[in-house]
Amino acid sequence: MSRVAGRHWAYVALTAALAIAAAIWAIPHLYETAWFAYYDGEPGGTRPPFPSLSPDLFLLPASAQLVLLAVGVGLLVQIYSTAYLGHHPRYRSYALVIVLFLVAMIAVVGTTNLWVLLVGWEVMGLCSYLLIGHEWQTAEARAGAAKAFLMTRVADLGLVLAILVIGETYGTYDLIGVEIAAGQSPQHATAIGLLVLVAVIGKSAQFPLHTWLPDAMPGPTPITALIHAATMVAAGVYLAARLFFLYAESTVVVTAMAVVAGITMLLGAVLALVQTDLKRALAWSTVSQLALMLGAIAAADPDAGLSHLISHGVFKALLFLGCGCLMHAVGSSALSAMGGLRASMPVTFWSTTVGFTALAGLVPTAGFFTKDSVLHSIEQATDHDGGLASGTAYALLAAALVTVFLTAAYATRLWLKAFFGPAPDGHAGHEAPSAMTGPLVVLAVATFALSIGQPFHLGTGLLTTALAAAGVGTIVLLWRRGASVDLEIGPLTAELGLDRPLSRWLPAVVRGVSRTVVDLDQEAVDAYPRAGAGLAERASHVLGLAQSRNVQRYATLVAAGVLVLVVVGVVLT
């Protein structure tokens, strides 16, 4: 092993040590009775204490699962990166930022202190900026990193304000205390819920702040897997589920969340169907799947949303890392550069097939069971089992069922175009190194293993299986007949121009406002210091005229002044 390779594996060892420590901490909490149990204690005083950065570590079963998901995927990404990115001159900073990313995610899900949660939340934003812009010499990487950073920072203001409102309302910044106080007398549910929703929309790339995630694709593919599966976007869904008890009674908040989820799941699925780039198609798929999870939370079943978050994290990491193997073989993530690779890349083919099967929601993968739990929870909400009105719940259910069909269709299309058909230009491809294929095998096994013990909903399962089979069958039928499976519809291939308000209109407005502020600063605010400086300069000039530099004259004037004062004093007395 060369010295360089040895240093790369040192970062793997560092991540493995973190993963082992996290596992020792998290595993005992996996089988507690409730996902978000209450702690038997007293809330804080009537006023919130000063912000504290005490770790206040406390794991619930859902948090423990997310910790294991983050460190597990993070460790596999580090192993994968030794082969995928081992030659890169900035590998050390890349590997260390990954470790910091994982620590930040652990801070978000493993603490009850809202200020520590905020610090972890912001550190993840910084890490995503650094890793998306890892290839900073390219304009696309710089633009993608800046866009992700700015859009998520704007939304993060919602979390800051939510924390302040929670502290002022319940007299504590500790989630356990807040849970107890809110259980006795819930207050300000709508205000808190809407502020949390703003933060979640930005972090989890939901409509209308969704465009940063597909535009983050210039980042290294292993990092894309980490962001989409186990950290950044997962934190948004986790926050929505963790704080659900604070806004569960607000019809306004759950309705707004359902509307955002319904629009986003359809939008992401439709745009995934028309993509010509595998990596970007998977990014739109993530946007759609995250919306499904938020749909379950809006339907008053955060446990179902988090179950799908965990299974999605595993099979989406598998798909992105499989995409990296394909890029390693053909040198591009464009679907036009792929095809006919199943024979030359058997490990990548079979493991990625498992990932696409889970994404399509087919039995017996974990994706089938957890997706059905989401659909079942939304179906339950149509009977007023939650804060959603029946009409809203039915609309959300319809959007979710259409999403199931579309998801199966685009997953099948991507699978066929990557591995079947003729190879372009006779490119045979080749299997990736074992450091890259090994993590694929582990994640494929986990995609099956996570289905063990999942609840099964017979009626929902039959319906979604029929829809998924229809989606798969439609694409396969078109493929076998030699028809094109590419949808070349102008507005869709242009992604409906949804990024235009943020990339053109908003900067134009902000540029005009900025110019006005600069003019006001120069012409109005700066006038006072400029006038003061001019007045001081003139006074100095006048006083300077009296300065003859003749000491005898100065002494005479002082004596004359003293004499005048004495005379005045004598006359007055």
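Lys371 counts as buried, at 5% relative accessibility; buried means under 20% relative accessible area, exposed over 50%, and partly exposed in between, with a 1.4 Å probe and protein chains only. The side chain of Lys371 meets that of Asp372 in a salt bridge, 3.0 Å from N to O. A salt bridge is a side-chain nitrogen of Lys or Arg within 4 Å of a carboxyl oxygen of Asp or Glu. Asp372 is also buried, with a relative accessible area of 1%.

This is a predicted model, in which local features need pLDDT of at least 70 and side-chain atom pairs count only at pLDDT 80 or more, while totals for chains, interfaces and linings use all residues. Residues are numbered from 1 along each chain as its sequence is written, and side-chain values use heavy atoms, with hydrogens and water left out.

**Salt bridges in general**

- Side chains of opposite charge can pair when their charged atoms come close.
- The structure holds 8 salt bridges.

**A pair within helix H5**

- Asp156 and Arg153 form a salt bridge through their side chains, at 2.4 Å from N to O.
- Both residues lie in helix H5 (residues 139-170), and because they are 3 residues apart there, about one helical turn separates them. Helices (H or I, at least four residues) and strands (E, at least two) are DSSP runs, numbered from the N terminus.
- Asp156 is buried, with a relative accessible area of 2%.
- Arg153 counts as buried too, at 18% relative accessibility.

**A pair between two helices**

- The side chains of Glu179 and Arg242 meet in a salt bridge of 3.6 Å, N to O.
- This pair links distant parts of the chain, with Glu179 in helix H6 (residues 175-184) and Arg242 in helix H9 (residues 232-242), 63 residues apart.
- Glu179 is buried at a relative accessible area of 2%, and Arg242 is buried at 3%.

**A nonpolar surface patch**

- Val558, Val562, Val566 and Val570 make a nonpolar surface patch of about 350 Å².
- Patches are made of residues with over 30% relative accessible area and no salt bridge; like charges are joined within 9 Å, and nonpolar side chains (Val, Leu, Ile, Met, Phe, Trp, Tyr) within 5 Å.
- Accessible areas come from the Shrake-Rupley method with a 1.4 Å probe, and for residues only the protein chains shown count as cover.
- Val562, one of the patch residues, lies in helix H22 (residues 551-572).
- Val562 is partly exposed, with a relative accessible area of 44%.
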